[in-house]
Amino acid sequence: MAADAKHVIDFDHHGPMLRDHNTEQLKELMYNDAGCPMGWSTAHNGHWAIWGYDALYDAVQDAETFSSTHLPPECPKGVPGALYPDPLIPIDIDGQEQQDYRKVVLNWFNPGHARSLEPRIQQICDDLIDDFIESGEADLAYQLFTALPAIVTLEMLGWESHRWREWVGWVHSFIHDATHDPELAMQNTMLMYGSINNEIARRRDELGDDLFSDMMRTPVAGKVLDDDELRNFATLVLLGGMDTTSGVTGNSVLLIDQDDELRRQIIDNIDQMPKIIEEFLRYAGPGGGLYRRVTKDVEFHGEQMHEGEKVLMMFWAANRDPKAFPDPEKIDIFRTQNRHMAFGLGPHRCLGSHHARRMFATLMTGIFTRIPDFEVDWDGVERFEDCGSVYAVRHLPVTFTPGPRLTPA
Amino acid sequence: MKVWVDPEKCRGHALCLTYAEDAFEFIDLEDRSVVIEGAVDSVAPDVFRAAANECPERAIIIEED
């Protein structure tokens, strides 16, 4: 396949280069001699990668040509093909069916609901910072950036939030171990599925007023979701909720630690946080390789694509396309026309984006208000080994001037 | 000036509510934004233009007089 590709590269998005030399790798793709917005990579048995902003914009609006469907065993989604048996709902589905599934949860995933959660998000953030602020040191990635979205997600679902560490462990394994240790990823996925099944069983007799009860009671095309559908829907809520917001917050904090002027700008403009975060969503997003499959032979932005070929949609690369963002490598918290694709575009726009934005802004405000002089202990920084799906920080140790708790212990 | 949100293009990012909260509102169950009735008369034109500039789907349509 794609023997006729014009721009051929050897690019492994699961490899250590993208993780350890992220900016250099993304630049290498973007600033190729031929000016191609996409190319055919020979890695993982061959696949397209699209990084140009305009090309990605066009691809994402055309779900008929660029399909998200997961069709194991012949064509499982992802590069390489994903291990899990059924489509995740609704991300692995296209068209009206996908939109119908989204409707099930729109009462929860809308800007107003995210706003209504703000006092609770603030409380969780305050409490988590209280846990370490007197000590002068913390692992921000785990104790704060991972904990907060995980707790919020579990509380929305109506599941026991004190078990967040278990859920997070399974989710991280699902996302980050699948390529380099598929057996471990499948083991953890099965544990996660078992716990989701327990939640389904627990509600069989009595539904509550939580997100998961709504998922169980709301019919799609006239019938309520069966156990498999519920599991596949809940899995996606967990994946979206537990790895991405923590990723962008960790990535951002690492960048700010290296730039005193940027830190000062953020502290001086802290009341502008809802706009400031847009620039970090653009430049420090958890990125990842979202996937599409070409459904028909098509000529696209100078390349001949063939039915059945896989495509890596590199939104985070497009967010640094100089054609769309002047001076793209500069983090400019006052940037305008910042039409970034951190949450994707088109019919698959991230359902959790409203909540993610609220949590990200709350976390950033919390840090730059309560521990503004934090210093990263770079020797202890650890990224997840595989950034092919989500580019995120596992451990982010910092030291800072100790401060007072907001609530007595 | 005429302003509207193209319902086919809007995908519910809701950035228009961040940049112009007096001008746009969200229809939750349709997952999209609309211009608040009468806002074109009460909100400054530049506010609409700023929101349109940030819309990643280019869904905010402005027809200048």
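The strands themselves, and the helices, are DSSP runs numbered from the N terminus, with at least two residues in state E for a strand and at least four in state H or I for a helix.

What you see above is a predicted model, in which local features need pLDDT of at least 70 and side-chain atom pairs count only at pLDDT 80 or more, while totals for chains, interfaces and linings use all residues. Residues are numbered from 1 along each chain as its sequence is written, and chains are lettered from A and ligands numbered from 1 in the order in which they are written.

Three strands of chain A form an open sheet in the order β5-β13-β10, and the pairing is antiparallel. At the edges stand β5 (137-139) and β10 (375-376) of chain A, each with a single partner strand, so one side of each has no neighbour in the sheet. Strand β10(A) is joined by two bridges to β13(A), residues 397-399, and the two run antiparallel; within that pair, Val376(A) has Val398(A) in β13(A) as its bridge partner. As background, strands of a sheet pair through backbone hydrogen bonds, either parallel or antiparallel.

Now the six-stranded sheet. In chain A this open sheet has the order β1-β2-β3-β9-β6-β4, with mixed pairing, and its edge strands, each pairing on one side only, are β1 (8-9) and β4 (66-67) of chain A. The next pair, β2(A) and β3(A), runs antiparallel over four bridges, and here Gly39(A) has Ala49(A) in β3(A) as its bridge partner. These two strands, β2(A) and β3(A), form a hairpin with five residues between them, and in the turn His44(A) has a positive phi of about 50°. After that, β3(A), residues 47-50, pairs in the parallel sense with β9(A), residues 310-313, over three bridges, and Ile50(A) stands opposite Met313(A) in β9(A).

Which residues of β2(A) cover its two faces? Met38(A) and Trp40(A) lie on one side of the strand and Gly39(A) and Ser41(A) on the other, and all are buried, where buried is taken as 20 or more other C-beta atoms within 10 Å of the residue's own, exposed as 12 or fewer, and partly exposed as anything in between, with C-beta atoms placed from the backbone.

That brings us to the interior. A nonpolar core is a set of buried Ala, Val, Leu, Ile, Met, Phe, Trp, Tyr and Cys residues joined through C-beta atoms within 7 Å. The largest one has 124 residues, of which Ile50(A), Leu56(A), Leu148(A), Met313(A) and Met314(A) touch the most other members, and helix α7 (residues 140-157) of chain A gives the largest share, 12 residues. If we leave aside neighbours within four places in sequence, Met313(A) is in contact with residues including Ile50(A), Leu56(A), Ala59(A) and Val60(A); contact here means that the C-beta atoms, placed from the backbone, lie within 7 Å.

Helix α8 (residues 164-176) of chain A is worth a look as well. Among its buried residues are Trp164(A), Trp167(A) and Trp170(A), and the buried residues of α8(A) pack against α7, α9 (182-203) and α11 (227-257) of chain A.

Stepping back to chain A as a whole, its secondary structure comes to 15 helices and 13 strands, and 48% of its 409 residues count as buried. Along its principal axes, the C-alpha trace of chain A spans about 65 × 55 × 40 Å.

Finally, chain B. The contact between the chains takes 15 residues from chain B and 21 residues from chain A, and on the chain B side the elements giving two or more residues are α1 (15-19) and α3 (45-54) of chain B. Elsewhere in this chain, Cys10(B) sits in the loop between β1 (2-5) and α1 of chain B. Is Cys10(B) buried or exposed? Cys10(B) is buried, because 24 other C-beta atoms lie within 10 Å. Not counting residues up to four places away in sequence, Cys10(B) touches Val5(B), Arg32(B), Ser33(B), Glu57(B) and Ala59(B).

Terms used: Pairing = 2+ DSSP bridges. Contact = placed C-beta atoms within 7 Å.
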